[in-house]
Amino acid sequence: MTKIFNAFTATVKQTPDKPAIIHGDLLVTYARLERIISSWIRLTNENNVRRKERIIVILPNCIDFAALMLCAAATGTVLVPLSPELKAEAIHAAVDSTDARHLICTPEVMERIEKSSLDFSGLNGLRFCPEYMDNQQSLSEIPDTGIAEDSDPYVLLTTSGSTGAPKPIVLSQANKWNRAMASVELYSITSNDITLAGTPMYHSLAERLVLIPLITGGTAVIMSDFSPADWLATVEREKVTFTIAVSSQLRSICKLLTEIPDPRTKSLRCIVSSSALLENSVKNELVSKLKCDLHECYGASEIAIASNLDGRAAATKLKSVGNAAPGVDIKILKESGEFAAPGEPGEIICRTPMLFQGYFKKPGLTAGSMHGEYFKTGDIGKLDDDGFLYFLGRSKEIIISGGMNIYPTDIEGVIMQHSSVRECAAFAYPDANLGEVVAVAVVPESPEEFNLRTLRHYSADFLADFQLPRKFFIVGELPRNTMGKLTRRVLVEQYSSKVN
C-alpha cells in the first residue's frame with residue numbers, strides 16, 4: 001500500500017466509529033468511508049480504469065470526491081479535477097492536454113458535454129456518473145489491489161499558461177504525502193483536529209485539507225460553497241480547530257467578526273492565510289478577534305508551501321510572508337542569473353522536497369521552469385537580512401513606466417490605508433510616452449461619499465512621483481477567480497482602451 005492509503009486504513013482499524021468526514025447534514029465514520037471507497041474501487045474496476053490512467057473528475061465538493069481521492073491512492077489511477085463551471089470547450093481542452101480516458105461527473109455536466117458538438121468519443125465512460133453515498137453498495141472490506149506506488153502520478157492540476165492553453169501539473173502520491181506532512185509539522189496538526197475545507201476541491205488546497213485529517217486520524221469538514229456567514233456558522237457548529245483559507249475569504253470573514261474575541265470562533269486553534277497577500281490591517285484585526293495562532297504562507301501549486309509567517313514573527317515582520325518552511329530553501333534570482341543580496345528584488349526561486357513532478361508531457365516547459373534544483377515561481381520578491389521573504393508581485397504584473405519597475409503591492413499598500421477604500425488593485429495602463437503608467441481599480445467603502453480628489457492627494461503624500469497612479473477606475477468589486485485570487489489581467493483587458 002502507498003503511504004496515503006496505508007495511513008487511512010490504519011485509522012479505520014484504530015477508530016472505525018470516529019467521524020471521518022462531515023458535509024452539511026451528512027456524517028460518515030471511518031468504517032463507512034472505507035465501504036464507500038470500496039464501492040468506488042469496484043466501480044472503477046468494472047469500467048476498466050487501469051493504474052496510471054487519467055480520470056476527469058467534475059464534481060462539487062462532496063464526500064464522494066474525498067472517497068475518490070482514496071480510491072485513486074489505492075489503485076494508482078490519476079485524478080484530473082476540473083471546475084463544475086467549465087464549458088464543454090474547456091473540458092475538451094483538458095481531456096486533450098491530459099490524455100484522459102475516463103470521466104466522472106454530475107448529470108448536469110454530462111448533459112453539457114453531450115449537447116456540445118465536440119468530439120468526446122475517445123473518453124470512456126460518459127455514462128460513468130457517481131452514485132452518491134446514499135446509494136453506495138457496502139463491501140465488507142476494500143479489495144486488495146496492491147499495485148499503487150508512492151511514485152505514481154496521483155493528481156493532474158490543470159492551470160493555464162500565458163497562451164491560455166492548459167499546462168497540467170503532475171503531483172505524485174509522494175508529493176501529496178510530503179505536502180500534507182509539511183502542514184502537519186508546521187501547524188502541529190494531530191488526530192484531535194477538526195479541519196475545515198472551505199475552497200473548491202478541484203484545487204490542491206482543499207484536497208490537502210481533506211487528506212490531512214484522513215491520514216492523521218482527524219475529522220474533515222467540507223463546505224459545499226463559501227460565504228463568510230456560512231463559514232462562521234460551520235466553525236461554530238462543528239467546533240473546527242484548524243483550516244487554511246484564502247486571504248479574500250479571511251478579509252470577508254473579518255468584517256463579520258464583531259467581538260474580541262468572537263465566541264463563534266473559540267474552537268479555532270490555528271488558521272492559515274494563503275493564495276494572496278493579506279493586508280496588515282486585516283492581519284492585526286484577525287489576531288485580536290480570533291485569539292488563535294494566525295499564520296500566513298506563500299507558495300504555488302508546483303511547490304506547495306514555501307514560506308510561513310507565524311504570529312510571533314508577525315510582530316516584527318508583519319509586511320513579510322515569512323521565512324522558509326522546513327526543508328525549503330528560498331533565493332532571489334536577478335536577471336543577470338546571479339543570486340540577489342538582501343533587499344534586492346528579483347524572481348523568487350525555491351528548492352523544496354514538495355516540488356511537483358513536472359508539467360504533463362511538456363518536458364521543455366518543465367526544464368524552463370527550473371534553475372538547477374530551484375523552481376522559478378515567476379513571482380518577484382526580496383529577502384531581508386534575517387531571511388524573511390517579501391512578495392512584490394507577479395513578474396508579468398510589474399508596471400514598467402519610463403524604464404522604472406513599479407510593484408503593484410507597493411501602490412496597493414498605500415492606497416489601502418485610506419479609510420475610504422475597501423479594496424484596490426494596481427495594474428499597468430498603456431501610455432504613448434512612458435510605455436505604461438500606474439492605474440488603480442478602487443472599491444470604495446461608501447460609493448456615495450467617496451471623493452477621488454482626496455484619494456489622489458493622499459497618494460501624492462505617500463508615493464514617489466513615478467509611482468503615482470495616473471488612472472483611477474471606481475468599481476463595485478475586483479475580479480477574482482474561484483479561489484479568491486485577484487485576476488489582475490482582467491483589469492488590464494477591461495480598462496486598457498478606456499479613457500479616464
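Predicted model: local features only at pLDDT ≥ 70, side-chain atom pairs only at ≥ 80, totals over all residues.

Student: Okay, rings to start with. How many aromatic pairs are there?

Tutor: The count comes to twelve aromatic pairs. One of them is Tyr429 with Phe473, a tilted pair whose centres are 6.1 Å apart, with 35° between the planes.

Student: Where in the chain do Tyr429 and Phe473 sit?

Tutor: Tyr429 is in strand 23, residues 421–431, and Phe473 is in strand 25, residues 471–474. The two are 44 residues apart, so this pair links distant parts of the chain.

Student: Are those two, Tyr429 and Phe473, buried or exposed?

Tutor: Both Tyr429 and Phe473 are buried. For Phe473 the relative accessibility is 7%, and buried means under 20%.

Student: What about Phe473 and Tyr495, how are their rings arranged?

Tutor: Their ring centres lie 4.3 Å apart and their planes meet at 25°. Planes under 30 degrees apart count as stacked, so the pair of Phe473 and Tyr495 is stacked.

Student: And which elements does that pair of Phe473 and Tyr495 tie together?

Tutor: Phe473 belongs to strand 25 and Tyr495 to helix 15, residues 488–495, so the pair ties together parts that are 22 residues apart in sequence. Tyr495 counts as buried too, because its relative accessibility is 8%.

Student: Which residues make up the cluster linked by ring pairs?

Tutor: Phe427, Tyr429, Phe473 and Tyr495 are linked into a cluster by ring pairs.

Student: Nice. What sits over the ring of Phe339?

Tutor: That's the charged end of Lys331, 5.1 Å from the centre of the Phe339 ring.

Student: While we're at Phe339, how far is Asp384 from it?

Tutor: C-alpha to C-alpha, Asp384 and Phe339 are 13 Å apart in space, and they are 45 residues apart in sequence. You'll find Asp384 in the loop between strand 19 (374–383) and strand 20 (389–394).

Student: Why does Asp384 count as buried?

Tutor: Its relative accessible area is 17%, and the cut-off for buried is under 20%.

Student: What about Thr377, where is that?

Tutor: Thr377 is in strand 19. Thr377 is buried, with a relative accessible area of 8%. From Gly122, Thr377 is 35 Å away in space, C-alpha to C-alpha, and 255 residues away in sequence.

Student: Changing topic: how much space lies in the second largest pocket?

Tutor: About 750 Å³. The second largest pocket is lined by 31 residues, and the closest to its centre are Phe226, Gln249, Asn481, Thr482 and Gly484.

Student: Which element gives the largest share of the lining of the second largest pocket?

Tutor: Helix 9, with five residues. Helix 9 (247–256) and strand 23 each supply at least two residues of that lining.

Student: How do the residues of that lining divide into nonpolar, polar and charged?

Tutor: The lining of the second largest pocket has eleven nonpolar, twelve polar and eight charged residues.

Student: Last one: how far does helix 3 reach?

Tutor: Helix 3, residues 63–75, has 13 residues and spans 18 Å from its first C-alpha to its last, close to the 18 Å expected at 1.5 Å a residue. Helix 3 is mostly covered, with 13 of its 13 residues buried.

Student: And what follows helix 3?

Tutor: Gly76 does, and its phi is positive, near 80°.

Definitions and conventions. Residues numbered from 1 in each chain as written. Heavy atoms only, no water. Phe/Tyr/Trp six-rings, centres within 6.5 Å; stacked < 30°, edge-to-face > 60°. Helix = DSSP H or I, 4+ residues; strand = E, 2+ residues; numbered from the N terminus. Buried < 20%, exposed > 50% of the residue type's maximum accessible area, 1.4 Å probe, protein only. Lys NZ or Arg CZ within 6 Å of the ring centre and 35° of its normal. 1 Å grid on protein atoms, 1.4 Å probe; cavity = no way out; pocket = protein on both sides within 12 Å on 5 of 7 lines; lining within 4 Å. Points joined across faces, edges and corners; volume = space filled by probe spheres on them. Nonpolar A, V, L, I, M, F, W, Y, C, P; charged D, E, K, R; others polar. Expected span 1.5 Å × (residues − 1).
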